[in-house]
Amino acid sequence: MLRTLVLCLVAVLAPAQTDADEQYAFVARLAEQKLFDQVVVEAERFLAEHPRHAKANAARYRLACARFELDDVRAARADFAALAEVRGFEFEGEVLFRLGQCALDEHDCAAAVKALDRAVEVARDYLKTPARWLLGEACFACEDYARADLAYRAVLAVTPAGEYTDDALAGATWCAYRTKRFDEAERLAARYRAEFPRGERAAELQYLRGEALLELGRPREALECFAAVREGELADGALRGAGFAQSALGDHVRAAQCFARVVEVFPQSRHAAECALQAGVEWLAAGRPADAVRALSAPAAGESFDVFVWRARASAGANDHAAALTALERAAKLAPDDAAKARVASARADSLAALGRKDEALAEYRRAGDDYALAAAAVAHWNERRYSDAAAAARALLEKFPKSEHAGDAWLVLGECELAEGRHAEAERAFVSAALAASAPAKRTHAASRRAWCRYLAGDPHGAAPLFAELSAANGEAAEIDEAGFMAARSLEAAGDASAARAGYERYLAERPRGAKVDEATLRVALLDGSEAEATLARLEGLVRTAREPEIAARARFELAERLSRAGRAADASEHYRALLASDTNASLAPAARYGLAWCLQAQGDVAGASELLSKLLALPELDARLRSSAGELAVWCAAKRNDPDALLGAWRSFASGGPEESRLVAIARTALDALRKASRVDDVERVLAEVEPRLTSDAARATLAVERVYARLDARDPDGAEAALDAAVRLAPRDPAVAEAAFFVGEARWAAGAKDRALALYERAAQVPANPAFDRALYKLGFAKLERQDVPGAERAFATLLESAPKSGLVAETRFLLGEARFRRKAWADACAALEPVVRETPKHEVVPKALYRLGLARVELGEWQAAADALGELAKRAPDFPHLAEAELARGKALAALGRVRDARAALARTIALDQGLFSARAHLVLGEIALAAGEHETALSEFLKVAVLYDAPDENARGLLLAGRTLEARGDVTRAAERYREVVEKFATSPSAAEARERLRAAGSAGSKGPNGSK
């Protein structure tokens, strides 16, 4: 049962500006309040009045969701289907999920699968697990159990377990059961019971486990499972299963009681008719024919051929042959075929004879035939491949004359018929009976051989192996015994036990050195080895020389060549490929050998020779499709390696004409395109693209080729064409990593051409797909571009995303620096330090470290963290003596050192600033030097430094500061008059500077403010 799933819809309502905006806001508010009836009314009105409004798709989504909540599935599906065509819709994943749900509700599983496939791809994280589970349900409904199983197991792989785990586990169990993987079904059902003992589907999974155990031949365990299902919609099925389990255990009374209880307690059950029949069968098996008659005469049993036949048997068993005849007359009218009619005739004969009606019985026996006639007919029909007639005659003989001397022949014919029809289990039972009934040893040997073959052909090589092994141990020179020794090993090989199979072949070779299968056994030993070991190569070489069958010798030579090729012995492999191609027995292996020889030639550097061989190979009209594909690919590759664009184009067209599958077509097209691009064959690139594109059916493949066109246009220095191709790729596969990577490179081209706005948009597009190989570079350039445009918050977001999403990128150090730079620019000093410190600590040798030390030191100064600032800037001076901003860095270091009381070091740093810079930083260095001197009471030195700033530099704020501090120095020395002059000069010349306010205060405090005019007069 699907959980109630609330799909995410974040409503961001801008202030209403128009009637339409207000109307949409009303729809949204109604949806939030879950007034779905009213949502339908208002949303329909909105869409009718404003079909092209920016919020039209959002309104339709609200409408579809409301209809879904109101169980109007048909209308909801139509709305969701319309929205599903809107690529890039912000709730595309939610739309596709609901569309799949609606389709599934309407029993349109194929449409559901199509929608949910897309939903899994594009949905946001919260919806991916529900979408995968529902995809499993849809695939299951379409009876695509393999795909359903994959979807369920994807849900089970999510950790920690979620709310869909139990249903996914149940679905995987059903998939295993439906695909007859009963061991797996039983294991999964047991796991469900362990993990979800109180789950909603616990009873269902117990029932299913019982069915699996029954199929596995473990009836006692199955019975325990069925017994646990006492209530619910599966109770009748569990009771039915218990009946079959009891029957398998040989308790026919309890089996009959279980089947009878289904009919009694669940008269409307779909199993009622079957259980009524089985109840009769089991009562008869229990020796209670009267009870069997009652069960088979009940209305629930219905009126079918099987019911009447079994009722006749039960009546005959109760010695009521008249009733048996009545039942058989009705059965005869319903007999599906001649064999069934013969069975009825035989049974009628038996009942007639029991009633003393000998003449009538004799006539019926004649209709059925005597044992010899039936045996002869069975063999004749078999020889004419009329399997149904042969089986009918054999069954008739065996039913009427079970002890006939011809019974063994009848069982053999019946077994062969069943085998020919693919009913391996029935055939095996017949051959077992044939071995018991046959009087001649040769026929018993033949029956044993055929029994083993039944297991093998039924796909049970595990079961076949011991049967063949047992027969191979028998005395005699019969062909079946010789064959059995080989087939015992062949069965083990088919069962996947390579080690035991190899030992079996070796045993066969030792025990039967002249056996019919010696060559093939020798070959299979080598095939199982699979290696390029010298012993294996020697064995294959010997088989090439001595094999009695040319086909085996040819296969051995081919395998020898293949392994020599894999071992890197291309020259030796080439000799054997050539010998195979020159032989008369090479028809089936010749194409693969020619391909192998071509591969060896190119490995030896003879690319031209390889190309010639491949050309001949590809010209063969009946070439295997897979080999054609491989040969075509190698031909294109060889031409590319030869740097021969003309040959490459010929190879490409030869390959493409074979109609390869789309994925391979695209892959080899890319190889060809890459080579043509390197050769600057721009027109040929376009021609190949034009040839491939019309043959593509999937959006993914079209997108791949669109990306190739992007790069082709970039190579042609056509950024407009490249971007047009990119737009096409985005429409086809907006989330494809390769498309996103191409967007980055188009952005680089735009950036290089100076179209930085276009580049920024392309970087943003590339940065939307985390799987993009250029994801980190896209984010880096996006942040860089935004920083250049002074979009500091946007730059920060890009850099932070890169660091979070790609922590192992080679751009981490630079990105951390730029993140710190962005934070520095917005004066977030502590945050800047947090970004810059790891650059210095974790990547100490990176080229960006000096810049990081520079900004880190300045930020530490702003925070008043003097020691840390001095350490960072000191390290900068030591590492990068030619750093372009060293003057400013030394200025900041001087300030930090001064604050730490390290006067000598501070003065040295500030002197270095003055030596490096004759401008603003020099002026500021003099100010700091003056402040150091003033604090030390060195008034003359301080006054000198301050006045240097005032007179030597063109820096108004610094000039004002120098005059102010000069005044404070004079004031500290007791020269109040000259101090006032300096303050007045600040006020008069630099009235708007930050220092002017303090200068006025000092004048006012001295009683001088306003006492004199500009010229010093009253």
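Me: Which residue follows H7, and is its phi positive or negative?

Reply: Keep in mind that this is a predicted model. Glu143 follows H7, and its phi is positive, near 65°.

Me: Which residues of H7 are called buried, and what do they pack against?

Reply: Buried means under 20% relative accessible area. In H7 the buried residues include Leu127, Trp133, Leu134, Cys139 and Phe140. Lys128 is also one of the buried residues. They pack against helices H5, H6, H8 and H9.

Me: How do you know that the span of H44 agrees with its number of residues?

Reply: Helix H44 (residues 792–805) has 14 residues, so at 1.5 Å a residue it should span 20 Å. Its end C-alpha atoms are 20 Å apart. The two values agree. The buried residues of H44 include Val792, Glu796, Phe799 and Leu802. Their cover includes helix H43 (775–788) and helix H45 (812–825).

Me: Why are H23 and H24 called roughly antiparallel?

Reply: Helix H23 (residues 407–420) and helix H24 (residues 424–437) pack at an angle of about 165°. Angles over 145 degrees count as roughly antiparallel. H23 and H24 therefore get that label. Their axes are 8 Å apart, and the crossing is left-handed.

Me: Which residues of H23 and H24 meet?

Reply: On the H23 side they include Trp411, Leu412, Glu416 and Leu419. On the H24 side they include His424, Ala427, Phe431 and Ala434. The residues of this contact divide into ten nonpolar, four polar and three charged.

Me: Why are H45 and H47 called roughly parallel?

Reply: H45 and helix H47 (residues 849–863) pack at an angle of about 30°. The cut-off for roughly parallel is under 35 degrees. H45 and H47 are therefore roughly parallel. Their axes lie 10 Å apart, and H45 passes H47 in a left-handed crossing.

Me: Which residues meet where H45 packs on H47?

Reply: Phe817, Glu821 and Phe824 of H45 meet Lys851, Ala852, Arg855, Leu858 and Ala859 of H47. The contact residues divide into five nonpolar, no polar and three charged.

Me: Why does Lys827 count as exposed?

Reply: Exposed means over 50% relative accessible area. Lys827 has 59% relative accessibility, so it counts as exposed. Lys827 sits in the loop between H45 and helix H46 (829–842). Its phi is positive, near 65°, and the residue is not a glycine.

Me: Why does Asn643 count as exposed?

Reply: Apply that cut-off again. Asn643 has 67% relative accessibility, so it counts as exposed. Asn643 belongs to the loop between helix H35 (625–641) and helix H36 (645–656). Phi of Asn643 is near 55°, a positive value in a residue other than glycine.

Me: Why is Val976 called partly exposed?

Reply: Val976 has a relative accessible area of 45%. Buried is under 20% and exposed is over 50%, with partly exposed in between. Val976 is therefore partly exposed. Val976 is found in helix H54 (residues 976–989).

Me: How many Å separate the C-alpha atoms of Val976 and Glu184?

Reply: They are separated by 101 Å. Along the chain, Val976 and Glu184 are 792 residues apart.

Conventions: Residues numbered from 1 in each chain as written. Predicted model: local features only at pLDDT ≥ 70, side-chain atom pairs only at ≥ 80, totals over all residues. Heavy atoms only, no water. Axes fitted to C-alpha atoms, helices over the stretch in contact; angles between N-to-C directions. Helix = DSSP H or I, 4+ residues; strand = E, 2+ residues; numbered from the N terminus. Parallel < 35°, antiparallel > 145°, perpendicular 65-115°, else oblique. Left-handed = near helix turned anticlockwise from the far one by under 90°. Contact = heavy atoms within 4.5 Å. Nonpolar A, V, L, I, M, F, W, Y, C, P; charged D, E, K, R; others polar. Buried < 20%, exposed > 50% of the residue type's maximum accessible area, 1.4 Å probe, protein only. Expected span 1.5 Å × (residues − 1).
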